[in-house]
Amino acid sequence: MAEPPATSSTPPADSADSAAGSGAADDDMGPPDTTPSEAPTPTTQPFFPGTEDGRPFLELTLLEKIDEFLELPNTAFAANIAGEMGLSGEQRWVPWILDIMRFGGTRNVNDTSMRALETITGIESSGDFNTDYVRYGSWYRTYGIDPGEGYEEYKRVLYAYVAYEYDEILAQVTDRLTLGAIQWGGVRRGGIPELNNPERLTPVEADFMTDDELVLGFVIGGEAGAYPVRFLARHELANDVVGGVPVALGYCTLCLTALMFDRRLPNGDVLTFQTSGLLMDSNKIMIDNETESLWNHLSGTAFAGPLAGTKLEQFPVATVRWSDWLADHPGTFTLDTPPPTFFPELPERPPIAYDYTPGAAYRSYYSSEDLWFPTFETPDVFELKDEVVTVDRGDHALALGLAALERGDPFVYVLGDEPLVIVPNQGGARVYSAADVEGVPAAAWRHGATVEVAPRGVQHDELRVNGVDGRNRVDVRLPRIVSSQSFWFAWYGLHPDTEIWPPPDGG
């Protein structure tokens, strides 16, 4: 969703430019070079700016130092505070130090922060900024240490130096553990411009599309559409109307998840969404323009603001090759290449124009095993960035390894008491429910049984089955259920009790 942790002590004038580039973007954002261009070895005690009341900074208590730091953020104060927090040994200071690391920007601040976190957690520092930022941030998220009193104001004031509106936005987050998990993603609110009612093309008009490129396909209200991944990987959000339904497709580049939401609330109000510029567990946080509520993208649930607790309805989305989607949905629409984004209210700011070449977005991130931002510590049944097809049925969750799925045939997976039929395709899988099917013996839906799909029986909304396990001849149509795809780390962070396929023990 955004760039890796910045190390500049002064937030950029508008970090959206660094995320997009003005002109054809190159290899997106890579982990930062945290070695300052000029880093002389200090021979004397570092200079400390004066305090407001004239008292020497080094004579203040830690809490007084924090107050001075918030009044006048600077690297000398930051390094001293991080060091003193580390010497205290108190675990509650971990998220405070991580916030200092996020904005510290000098080798002294980074090194002091990493040593402090090593002392507090007992985990050896790697000496690398990005590795330690993720390592210690994930430790904090996993063990859920309360940051303690005063953290709310500290976080709000510090983030307000990035964008003043973050003060009010973060004031809505009432849980300190959640607040400590929130990270700045490197862009301000709306810094990655969303697509609003994007221009559409027919397949004939979209002659720039390649057969093998991935699209995000959906059918809503009888209307079929396909958003090219190469566009959504740059914009991450689309507010649209499909089949008469106001929808929003959110695409998190960091966790590789596309979800289609109904923008309507039960009272009839319609929301529009933006990228907030904030992350939690290396997953984008959305914000709606109507109430300023914050939304967890992976769950579609508002966790802060007036709509806290509200969960958006979802529609199934298929990640498939363009040629496969087109063969099944010849009347589909797709999107025209988005034009550059101009900023009439900021005429001095250059327009944002992206490189939309398939695979260009976040190439360095996807080619590495490393994360850019903290998340929960994750069991190694899959690699962190292994893609999984995921199902959430309320009381039961399931993660299916995509690599194994693509090598297999349709089969039955019994999740809880509900038999599901998993139908792999190139790039993903569709999931259908076989519960409550009249005239089909229960034994037909035996866990692990292979499924014979009728010719052209794989539809977006339903599946026609001709037989199960080579023995039971059936002729039924099964409804599709909502499933999604993501990197393993992102799914586990939200569903630690998930079932896993293939089974880790080989059973």
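## Strand 6 and its sheet

In this predicted model, 5 of the 6 residues of strand 6 (residues 237-242) are buried, so the strand is largely enclosed by the rest of the structure. Buried here means under 20% relative accessible area, with exposed over 50% and partly exposed in between, using a 1.4 Å probe and protein chains only. Strands are DSSP runs of E with at least two residues, and helices are runs of H or I with at least four, numbered from the N terminus.

A word on the ground rules: residues are numbered from 1 along each chain as its sequence is written. Local features need pLDDT of at least 70 and side-chain atom pairs count only at pLDDT 80 or more, while totals for chains, interfaces and linings use all residues; side-chain values use heavy atoms, leaving out hydrogens and water.

Let's look at the partners of strand 6. Two strands pair if DSSP finds at least two bridges between them. Strand 2 (residues 195-196) runs parallel to strand 6 and is joined to it by 2 bridges. Strand 7 (residues 245-252) runs antiparallel to strand 6, with 6 bridges between them. The table shows residues that stand opposite one another.

| Residue | Opposite residue |
|---|---|
| Leucine 195 | Alanine 238 in strand 6 |
| Alanine 238 | Leucine 249 in strand 7 |
| Valine 241 | Proline 246 in strand 7 |

Strand 6 and strand 7 form a hairpin with 2 residues between the strands, where glycine 243 takes a positive phi near 60°.

Stepping back, the sheet is open, has 5 strands in the order 2-6-7-8-13, and shows mixed pairing. Strand 2 and strand 13 (314-315) stand at its edges with a single partner strand each, so one side of each has no neighbour in the sheet.

Now for the chain as a whole, which comes to 14 helices and 25 strands. Its C-alpha atoms fill a box of roughly 85 × 55 × 45 Å along the principal axes. Buried residues make up 55% of the 507 residues. Of the contacts (heavy atoms within 4.5 Å) with a separation of 6 or more, 64% come from residues 24 or more positions apart.
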